[in-house]
Amino acid sequence: MRQRIRKGILAFSMLMFPLTFFLLSPYVIILSASTGVINGSAMVFGSLFLFSFLFSRIYCGWLCPGGAVQDMISGANKRNWNSKGKNVSKYIIWAVWFSLILLLWMKHLPLKGDFLFLYKFDGHYIMIYTIVMTIIYLFAISTGRRGMCHSLCWMAPFMVIGETVSDFLHIPRFRLKPKPDACVSCGKCTKECPMGLDISRMVKSGNTDSTECISCLACVDICPKHAIGFGISQKRSHSLEQETILRKKEN
Ligand code: SF4
Ligand code: SF4
């Protein structure tokens, strides 16, 4: 039931994408910064950064229209696209892109806010929307499941940095809670994970924290042994295995 609701929300978000596209654009923010404006997409990215302090990457798993598009066509290429090498490219792209935006803002001080900067639903808008959608389709089909989230997404680093800051400040946030003793290593969760994470192994290790996890809860809902819980909690300093070893040493 929960996964049906999630997919319904994602489908709605995808339908609304022609309207919200402007507010998620990595290009319009550059145009706005070059005229000293903090536009709608800058405000959305800032909100996602703050949102992730408490709610991790729930946006990616439950709301993102780009994620919805990728999930919809994941049947065309079910390959997992998840490795350190593949994940790092989005941070490099993000660092160059966001540095440019910061430089432009600094050059055009004082800044002013304009949520609907350049928003005009015309032929030009539809053309850019079509190009972006084509890129998402082609990228996801040629890479694999949520390939764009892993390698290209300009929004994910805001949330990963938010999660890291949150953990550094010991702020409790949304995370999975493994129960290694309940897990029978059937592998169903790993097969179900849209991000291609080896969640089965992570549950067994007692540490399910991952910057690539989008909190979709597909693994939680598929597990026949209820070996994965979730909730808002602080980062654990040690995995269960490590804690067990430490406890044994203490005794
Ligand atoms: S689905 Fe549940 S029991 Fe099976 S491997 Fe995953 S956590 Fe373990
Ligand atoms: S580990 Fe679980 S919650 Fe995280 S992305 Fe994979 S299926 Fe979703």
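**Exercise 1. Find how many salt bridges link domain 1 and domain 2, and describe one pair of side chains that forms such a bridge.**

Solution. 
Step 1. Between domain 1 and domain 2 of this predicted model, the count is 3 salt bridges.
Step 2. Take Lys 90 and Glu 212, whose side chains meet in a salt bridge with an N to O distance of 2.9 Å. A salt bridge here requires a side-chain nitrogen of Lys or Arg within 4 Å of a carboxyl oxygen of Asp or Glu, and the pair Lys 90 and Glu 212 is listed at 2.9 Å.

**Exercise 2. Locate the two partners of the salt bridge between Arg 2 and Asp 221 in the chain.**

Solution. 
Step 1. The closest N and O atoms of Arg 2 and Asp 221 are 2.5 Å apart.
Step 2. Arg 2 belongs to helix H1, and Asp 221 to helix H12 (residues 218-222).
Step 3. The two residues are 219 residues apart, so the bridge links distant parts of the chain.

**Exercise 3. Describe the contact between domain 1 and domain 2.**

Solution. 
Step 1. Domain 1 brings 25 residues to the contact and domain 2 brings 22 residues.
Step 2. About 1,900 Å² is buried between domain 1 and domain 2, and carbon and sulfur atoms give 47% of this area.
Step 3. Arg 2, Arg 57 and Arg 145 supply 27% of what domain 1 buries against domain 2, more than any other three residues.
Step 4. Between the domains there are 17 residue pairs in polar contact. On the side of domain 1 that touches domain 2, helices that each supply at least two residues include H1 (2-20), H3 (40-55) and H6 (84-107).
Step 5. Sorted by class, that side of domain 1 has 9 nonpolar, 8 polar and 8 charged residues.

**Exercise 4. Compare by class the shells around ligand 1 and ligand 2.**

Solution. 
Step 1. Around ligand 1 are residues including Cys 183, Cys 186, Cys 189, Cys 223 and Lys 188. The shell has 8 nonpolar, 3 polar and 1 charged residues.
Step 2. Of the 13 residues around ligand 2, those that come nearest are Cys 193, Cys 213, Cys 216, Leu 217 and Cys 219.
Step 3. The shell of ligand 2 has 12 nonpolar residues, 1 polar and no charged ones.

**Exercise 5. Examine the backbone at Pro 110 and Ser 185.**

Solution. 
Step 1. Recall that most residues other than glycine have a negative phi, and most peptide bonds are trans.
Step 2. Leu 109 and Pro 110 are joined by a cis peptide bond, with omega about -5 degrees. Pro 110 lies in the loop between H6 and strand S2 (112-114).
Step 3. Ser 185 has a positive phi, near 55 degrees. Ser 185 lies in the loop between strand S3 (173-178) and helix H10 (188-192), and is one of the residues around ligand 1.

Key. Residues numbered from 1 in each chain as written. Chains lettered and ligands numbered in written order. Predicted model: local features only at pLDDT ≥ 70, side-chain atom pairs only at ≥ 80, totals over all residues. Heavy atoms only, no water. Near = heavy atom within 4 Å. Nonpolar A, V, L, I, M, F, W, Y, C, P; charged D, E, K, R; others polar. Contact = heavy atoms within 4.5 Å. Buried area = accessible area lost by both parts, 1.4 Å probe. Polar contact = N/O pair within 3.5 Å; in protein donor to acceptor, adjacent residues only side chain to side chain. Helix = DSSP H or I, 4+ residues; strand = E, 2+ residues; numbered from the N terminus.
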